[in-house]
Amino acid sequence: MHELDTWRDRLRALAAQLADDDGAHDASHLDRVWRNAQAIMAGEHDETGAQADTLAVLAACYLHDLVNVPKNDPRRAQASRLSAELARTELQRLGFPAERLDSVAHAIEAHSFSAAIPATTLEAKIVQDADRLDGLGAVGLARMFYIAGRMGSSLAHGSDPLGLDRALDDKAYSLDHIPVKLARLPAMMQTASGRRLGEQRLAVLEDFRSVFAGEWSGA
């Protein structure tokens, strides 16, 4: 455990050194993703019965957003690959175990929704689920509106916030992001633990969306 704590401190410092001003992908986000990953790891193993490599998961959790491209940037799908490349370089510089570098890089590349890279290892599946969990629940809701504000999106459509008679557009209306993307995440989770936690957190978003629409429309 001492080795893990030492590496966590070093990885957290590296991420902070390279961070930008995006409050939705800050040090607190990385800490939450790591906590999510630990909760998922406790109940998961691969087809051989082996548990995940905790150090590789730790590194991927803290370095998955080293290159953070805005959500509305056409280069968004490249961010996880660029993060993986930079993480490999920085980990080599720090003396990280060479035999774990491929595992860390794959977990970082596969975490991204935009990149759509299949997660083929248990470590990658855990990191992907852990990151997506932070997009759900109360914190995920706050992050959703924060990101929408940075993108210049409106809170919701003026007369049809639930999109009952129009096409949903989460680039224009933040509230649309719940059904367009976030509601899909629990079913896309790679682990049983991730799906269970994701469904619990999605319920928070769906309840909020209903209450918001009522207040927004004066119902």
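This is a predicted model: local features need pLDDT of at least 70, side-chain atom pairs count only at pLDDT 80 or more; totals for chains, interfaces and linings use all residues.
## Helix α3 and its surroundings

Helix α3 spans residues 54-63. Of its 10 residues, 9 are buried, so the helix is largely enclosed by the rest of the structure. The buried residues are L55, A56, V57, L58, A59, A60, C61, Y62 and L63. They pack against α1 (2-18), α2 (27-41), α4, α5 (101-110) and α6.

At the start of α3, the side chain of D53 places an oxygen within 3.1 Å of the backbone nitrogen of L55. L55 is itself one of the buried residues of the helix.

## Packing of α3 against α6

Helix α6 comprises residues 122-133, and its axis lies 10 Å from that of α3. The two helices pack at an angle of about 40°; they are therefore oblique to each other. Their crossing is right-handed.

On the α3 side, the contact is formed by A56, V57, A60 and C61, while α6 contributes E123, I126 and V127.

## Residue N68 in the loop

N68 belongs to the loop between α3 and α4, the latter covering residues 79-94. The relative accessibility of N68 is 18%, and because buried means under 20%, N68 counts as buried.

N68 and S80 are 12 residues apart along the chain, and their C-alpha atoms are separated by 8.3 Å.

Technical notes:
Residues are numbered from 1 along each chain as its sequence is written. Side-chain values use heavy atoms; hydrogens and water are left out. Axes are lines fitted to C-alpha atoms, for helices over the stretch in contact, and angles run from 0 to 180 degrees between N-to-C directions. Helices (H or I, at least four residues) and strands (E, at least two) are DSSP runs, numbered from the N terminus. Angles under 35 degrees count as roughly parallel, over 145 as roughly antiparallel, 65 to 115 as roughly perpendicular and the rest as oblique. A crossing is left-handed if the near helix is turned anticlockwise from the far one by less than a right angle, and right-handed if clockwise. Contact means heavy atoms within 4.5 Å. Buried means under 20% relative accessible area, exposed over 50%, partly exposed in between (1.4 Å probe, protein chains only). A polar contact is a pair of N or O atoms within 3.5 Å; within protein, one must be able to donate a hydrogen and the other to accept it, and residues adjacent in sequence count only if both atoms are side-chain atoms.
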